[in-house]
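Visitor: I've got a chain open here and would like to talk through how its parts meet. Could you walk me through it?

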Amino acid sequence: MQGIQKYFAGVPAVRNGSLSLQAGEVHALIGQNGAGKSTMIKIVTGAYNLDGPQDAGGIRFEGREVRFQSPKQARESGISTIYQEINLVPFASVAENIFLGREPRRLGLIDWPRIHRDAQRAVESVGLSVDVRKPVSSLSTAAQQMVAIARAVSVDAKLVIMDESTSSLDDREVDVLFDVIRRLKADGRTVVFVSHRLDGLYAICDRVTVMRDGQTVHVSAMADISKLDLVTTMLGKELAVAHRKAGSHKPVAGLAPLLKADALQAAPKLRNISLQVHAGETVGLAGLLGSGRTETMRLVFGADRPDGGTLHFNNQAVDFNAPSDAIAQGIAYLSEDRKIEGIFPDLSVRENMTMVMLPQLAKLGVVDRAAQMRIVDAFIARLGIKTSGPEQPIKELSGGNQQKVLLARWLALSPKLLLLDEPTRGIDVGAKADIANLIHSLAADGMGILMSASELEELVSMGDRVVVVRDGTSIAEISGDGLSEQSIMSAIAECRSAHASEAQHG
Ligand SMILES: Nc1ncnc2c1ncn2[C@@H]1O[C@H](COP(=O)(O)OP(=O)(O)OP(=O)(O)O)[C@@H](O)[C@H]1O
Ligand SMILES: [Mg+2]
């Protein structure tokens, strides 16, 4: 791809983009939120055209000048893409999703036995053990991401493009994905890999292209650029470090916690969850995929109902019937699945950001527009949201910037307790540091925060304490000097081996 220029309503998304791939390599494409990575990808696949008056550029694929008119055409030419926003059909089965649009037929009829058999093999090849007859909507976000990966690699493609495919994966699934990428490469296929997790890139990528502000600013062998230089090139400046006074917060002995969960249960996932969050404290929830982190947050938020156990908030026993009860008490929840639970794509940045606080903004049923605009402008500036303005439909923002709008939605409520499920998903390293600083300052002002993150490094740098969850049970709590990635990992592992020997003994 050369000399790419792509404008939306006069605003450049890509100003001077280039991307050159050698056959059989694994190529990293990186850049800040809104740099133009997904736009470049959508241009190759024909999801976006270059037909506008200000658009320009040329694309060659296997030596031929091409201009795919649709993702389907690109797919038929051997380009398989996993888009940043997982685009599976939620109520169709895993198998149907894997074979969507290319169902094998026998005597003119869809060959279901073959679909189920091949789909089962495809999901197993990415280390996922699920029943392929189940609807995709019954799977966690991470498992859905693995299904999208299984679909992309099961197509016999020459070029496989993965846009942010690791964002909701734990370290263990990331390893599986890297094995899949190594297999693709060994098969002579070319892979483009977009990720904000820079550490992993060195393990699998041969070369790297860095974009900044719509332009390609660096291309080199992966091994020829240090992580520090990579970050600086990407941001156009040095990374601001997250400031945090270690041990700055110690819950006063005897002070009642803001949130206290005792032996919470909810079939089928949660068996026994106990934890506390004090005002001014950031507590991390650690655990593997499917361990029960999301379910725990949903219970606290009133999105699901417990079968047993007790919940205290602000010194009172509470039993929320619905999220609105929890919100009324000062609890906010940023869910991990922004596509299904969070975003209203056609509404503006302003509407998406302020929808939960409308009751507060309304006087006698009329929304105080000036107050609303003050809040929206403040959060666009504070979180560095890249948008042409408050009235831009949120679907036009880059993935990471959509996530920032959702985060702002809940921060703007000034809740007493903030539940954050994967708050930095898809967010670039520069903005992550900004968000970490923001969370520290909110905690310093007395907010209690319970957060999960699939990257342990984030839990360690942001949390005062970490509660480890396994199999729907809170099994350990780590705090103070003992808190490290290593200690969290061994807490998870120890319990796993204890569990394994328990199983052996019947
Ligand atoms: N359909 C669209 N309409 C208007 N603007 C758009 C559209 N698609 C992308 N943009 C703009 O183009 C710019 C680049 O977005 P893009 O999605 O390519 O970023 P990205 O590098 O993938 O970022 P992220 O890491 O957050 O996913 C952004 O400013 C975005 O708002
Ligand atoms: Mg993107």
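Visitor: How far apart do the C-alpha centres of domain 1 and domain 2 lie?
Guide: This is a predicted model, where local features need pLDDT of at least 70, side-chain atom pairs count only at pLDDT 80 or more, and totals for chains, interfaces and linings use all residues. Residues are numbered from 1 along each chain as its sequence is written, chains are lettered from A and ligands numbered from 1 in the order in which they are written, and side-chain values use heavy atoms, leaving out hydrogens and water. The assignment, automatic or from a database, gives domain 1 as 2-235 and domain 2 as 259-504. Between their C-alpha centres you get 28 Å.

Visitor: And how many residues does each domain bring to the contact?
Guide: Contact here means heavy atoms within 4.5 Å. On that basis domain 1 gives 27 residues, and domain 2 gives 27 residues.

Visitor: What area is buried between domain 1 and domain 2?
Guide: Buried area is the accessible area (1.4 Å probe) that two parts lose on being put together, summed over both. Carbon and sulfur atoms give 46% of it. In domain 1, Asn 33, Glu 85 and Asp 170 lose the most, together 26% of what that side buries. The total is about 2,200 Å².

Visitor: Which residue forms a salt bridge with Glu 455?
Guide: The rule wants a side-chain nitrogen of Lys or Arg within 4 Å of a carboxyl oxygen of Asp or Glu, and it finds one such bridge across this interface. For Glu 455, the closest N and O atoms of the pair are 3.6 Å apart, and the partner is Arg 197.
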